[in-house]
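I set out to look up charged side chains and their pairing. The entries below record what I found.

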Amino acid sequence: MKKKNKFIIFMAIVGLSYSIIALLANYQINSKENKSRPHGSQTDIPELTRNNYLMGFLNENRSSYRVSFYDINIDFDIENKFINGHVTIKAESLNDLNKLQIDLAQNLNIIKVSSRNEDLTFTRELDAVLIEFPYDISKNNIFDFTVYYEGIPQNADNPPWAGGFTWSKDKDGRDWVAVSCEGEGARIWWPNKDHITAEGDSVRMAYTVPSSMVAVGNGNLRSVENNGDKTTYEWFVNNPINNYNISVQIGNYVAVKDTIVKDTTIHEMNHYVLDYNEELALNYFKQSKEVIRFYEKYFGDYQWYEDGYKLIEVPYLGMEHQSAVTYGNGFSLHNGVRSKSWPMYGVIDPLIIHETGHEWFGNSVTAIDPTHIWIHEGLQVYSEAIYFEDKFKSYEVGVHYLNSIKNRIVNEIPIVGNENENHWALHGDTYMKGAWIMHTLRSVIKNDKIWFEILKEFMTENAKKFVSTKDFFNKVEQKTDTDYWYFAEQYFYSPNQPELEYFQTDSQFSYRWNNVNDNFNMPIDLLVNGKEKRIKPTKIYQSININKHSQIEIMDWKFYVEPKKTK
């Protein structure tokens with residue numbers, strides 16, 4: 001079948017997508033009124049409160065040490081929604097120190113902090129805990145301390161957008177518990193150095209739950225110890241992991257075993273679902289292998305084979321927990337919670353491709369500050385357009401997908417705000433506009449070979465590293481020999497959508513940029529009587545000669561601009 005005919009059939013199948021998109025309340029990131037994300041909304045940059053300063057800034061009591069290992073031990077009293085735990089933090093001193101800051105939500109009570117069998121003095125200011133050692137720790141030493149704590153952790157008001165613990169019931173009325181905390185921070189349920197760059201080299205998780213239930217964490221299951229009424233599940237992650245990605249899921253789970261082959265190695269994929277969904281998941285979760293192969297093709301190797309990959313059924317929509325992606329879309333390509341509002345054309349589960357993609361965007365390549373979180377979300381949504389382009393062998397399908405999400409962009413605040421302020425820029429423009437910015441940059445560069453090299457090299461060269469918006473554009477400049485920082489300043493650091501003002505006479509087409517920074521000089525493509533022509537507008541009117549009654553189309557399906565006819 002010819003490509004054009006395939007696309008016509010394809011478009012007929014998905015024609016209802018646009019009417020469905022009005023249901024995006026299910027995905028919660030487009031509404032101008034929605035402020036369920038505590039650290040980002042569509043219309044406001046969050047206030048720099050004292051607590052956001054303490055969490056967002058790496059002061060001397062945080063920058064003086066590096067965490068190398070977390071040993072997390074938590075006993076869950078599910079009936080009372082209560083946790084009792086202790087976390088041992090192994091760290092390396094980067095400077096001479098005798099005090100340091102860790103972070104734990106103020107509603108959780110610290111029983112004691114100890115090191116070398118000695119209780120340590122500590123004080124609290126909001127979520128920051130200042131620990132003092134009775135001795136000096138010299139630079140480049142390894143040391144450890146343990147925090148004992150308890151309390152009722154934050155409830156999830158609207159997970160995953162307003163996170164915390166979800167205390168739920170499954171279809172059989174049994175307890176079903178999960179945590180999600182991107183934006184809120186891991187400190188809402190365990191003590192840690194709660195900054196996006198403060199990843200341990202490895203993490204052990206020991207979760208104690210009622211013996212009738214199963215506790216699932218990240219990485220590999222090391223042991224199960226039955227103590228009668230309670231059972232401890234020990235999980236281990238061998239790689240660096242963002243603190244907010246460390247998770248626990250508790251329910252009547254069964255393992256659904258699968259494998260994926262990478263080169264000549266067979267890797268296990270042990271998904272976890274509620275017992276009554278075992279057969280369903282065995283058939284449905286196979287699509288995750290296609291997703292992983294797609295991301296490896298365009299963005300480099302999956303970085304966590306050592307820790308495995310699994311999908312875990314949860315009582316909320318889902319989250320990108322590293323090596324333990326949580327899933328709650330209802331096992332349906334068309335009728336799942338998110339499927340109703342996300343045009344995935346019946347070929348892939350939107351939750352599986354989105355959250356699995358974060359194993360690359362966010363979990364491997366991580367923003368150096370949460371205000372640059374478009375590197376996680378904007379690149380992720382854009383990668384979905386690339387998936388459809390690859391799946392259907394049609395650039396037009398990818399453009400159709402991007403057009404289907406375009407009306408969710410509001411252009412009220414910049415995508416990138418201030419660093420060091422705990423600003424988790426998780427508003428809708430970070431996702432949708434971020435994707436359109438990448439699509440626009442591809443059109444500006446106008447060389448797909450170079451464009452896809454930029455994406456893959458950026459991801460592979462920065463695997464398991466921290467990056468900023470500037471780092472991305474440095475890679476673009478390296479590959480194109482062109483400084484596109486003017487582009488970043490306009491699209492990421494300003495909320496304004498460029499306007500291409502124009503008017504047409506019998507002999508000329510005149511145009512200029514409006515609503516742009518003074519240094520904005522992005523080229524854009526037109527169709528002049530069906531023939532593509534590139535122009536380079538400035539803020540001053542320029543003109544090209546045309547024939548009488550020429551048809552001029554501004555190619556706004558390739559560029560995120562607003563055409564405005566002025567005369």
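Entry 1. I looked up Asp172 and found a salt bridge with Arg174, the closest N and O atoms being 3.6 Å apart; a salt bridge is a side-chain nitrogen of Lys or Arg within 4 Å of a carboxyl oxygen of Asp or Glu. Asp172 is exposed at 52% relative accessibility, whereas Arg174 is partly exposed at 22% (buried is under 20% relative accessible area, exposed over 50%, partly exposed in between; 1.4 Å probe, protein chains only). By this rule I count 32 salt bridges.

I note that this is a predicted model, in which local features need pLDDT of at least 70 and side-chain atom pairs pLDDT 80 or more, while totals for chains, interfaces and linings use all residues. Residues are numbered from 1 along each chain as its sequence is written, and side-chain values use heavy atoms, without hydrogens and water.

Entry 2. I then examined Lys564, whose side chain meets that of Glu499 in a salt bridge (3.4 Å, N to O). Lys564 lies in strand 29 (residues 562–565) and Glu499 in strand 23 (residues 499–504), so the pair ties together parts 65 residues apart in sequence; strands are DSSP runs of E, at least two residues, numbered from the N terminus. Lys564 is partly exposed at 33%, and Glu499 is buried at 11%.

Entry 3. Which residue is buried yet has no salt bridge? I found Glu384 to be so, with Arg338, the nearest side chain of opposite charge, 4.5 Å away (Lys and Arg count as positive, Asp and Glu as negative; His and the chain ends are not counted).

Conventions:
Helices (H or I, at least four residues) and strands (E, at least two) are DSSP runs, numbered from the N terminus.
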